[in-house]
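Subject: Structure for you to look at, with notes

Dear colleague,

I am passing on a structure that you have not seen before, and my notes follow below it. Please keep the structure open while you read.

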Amino acid sequence: MNLISLHSGRVMSEAADPSEDLVDQVSRTTGLTPDDARRVVADVLAYFTETTEQYVRRRHRELQTYGARNDEIFARLGSELRHWPVRSPELSARQLRRIVYG
C-alpha cells in the first residue's frame, strides 16, 4: 500500500483517494494538475477528519506552548469548536478538561 505524506504531516493511504469528482473540480477551477489537485483534496479531507477529541488535545498543547492558562484555553476551544467546519457537540469546560486530562 502506498502512502501519501500530507502538508499537515499526516499520512494518508492512496486507497482512501478522495472523490474523483472533487479532484476534477479542483483541477478545473484552479489549473492544478490532476495529481496536484488529488493531493490538495486529500490534504484538506485529512485535516477535517480530525476528531473533536484529537482537535481539543492538539489545540490545548499548542496554546499551552504559548503560555495560555487552562481557563483561557478552554474558553477559546469552546469558541473555536462552534466555528469548526465539522460540527461538534457543544462542550463545557469540564468536558474539554476531561478530553485533555482524562
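Is Val 56 buried or exposed, and what is its relative accessible area? Val 56 is buried, with a relative accessible area of 0%, where buried means under 20% relative accessible area, exposed means over 50% and partly exposed lies in between, all with a 1.4 Å probe and protein chains only.

The model is a predicted one, in which local features need pLDDT of at least 70 and side-chain atom pairs count only at pLDDT 80 or more, while totals for chains, interfaces and linings use all residues. Residues are numbered from 1 along each chain as its sequence is written, and side-chain values use heavy atoms, with hydrogens and water left out.

The chain as a whole

The chain holds 5 helices and 2 strands, these being DSSP runs numbered from the N terminus (H or I and at least four residues for helices, E and at least two for strands). Along the sequence they follow the pattern β-β-α-α-α-α-α. Of the 102 residues in the chain, 31% are buried. The chain exposes about 7,000 Å², of which carbon and sulfur atoms supply 51%; these areas come from the Shrake-Rupley method with a 1.4 Å probe, and for residues only the protein chains shown count as cover. Among contacts between residues at least 6 apart in sequence, 44% join residues at least 24 apart, a contact being heavy atoms within 4.5 Å.

The core

The largest nonpolar core has 11 residues, namely Tyr 55, Val 56, Leu 63, Ile 73, Phe 74, Leu 77, Leu 81, Trp 84, Leu 91, Leu 96 and Ile 99. Such a core is a set of buried Ala, Val, Leu, Ile, Met, Phe, Trp, Tyr and Cys residues joined through side-chain atoms within 4.5 Å. Helix 3 (52-65), helix 4 and helix 5 are the elements that give two or more residues to this core, and the largest share, 4 residues, comes from helix 4. In soluble globular proteins, nonpolar side chains tend to be buried together.

Val 56, the residue of the opening question, is found in helix 3. Leaving aside residues up to four places away in sequence, Val 56 touches Leu 77, Leu 81, Leu 96, Ile 99 and Val 100. Its C-alpha atom is separated by 9.2 Å from that of Arg 97, which is 41 residues apart from it along the chain.

How the helices meet

Helix 4 (residues 70-83) and helix 5 (residues 93-101) pack at an angle of about 105°, with their axes 10 Å apart. Axes here are lines fitted to C-alpha atoms, for helices over the stretch in contact, and angles run from 0 to 180 degrees between N-to-C directions. That angle makes helix 4 roughly perpendicular to helix 5, since angles under 35 degrees count as roughly parallel, over 145 as roughly antiparallel, 65 to 115 as roughly perpendicular and the rest as oblique. The contact is made by Asn 70, Phe 74, Leu 77, Gly 78 and Leu 81 of helix 4 and by Ala 93, Leu 96, Arg 97, Val 100 and Tyr 101 of helix 5.

Helix 3 and helix 5 pack at an angle of about 85°, with their axes 9 Å apart, which makes helix 3 roughly perpendicular to helix 5. Here the contact is made by Glu 53, Val 56, Arg 57, His 60 and Gln 64 of helix 3 and by Leu 96, Ile 99, Val 100 and Tyr 101 of helix 5.

Other residues to look at

Gln 64 is found in helix 3 and is partly exposed, with a relative accessible area of 39%. Beyond residues up to four places away in sequence, Gln 64 touches Asn 70, Ile 73 and Tyr 101. Arg 59 also lies in helix 3, and at 13% relative accessibility Arg 59 counts as buried. Its contacts, counted with that exclusion, are with Arg 76, Leu 77 and Glu 80.

With best regards
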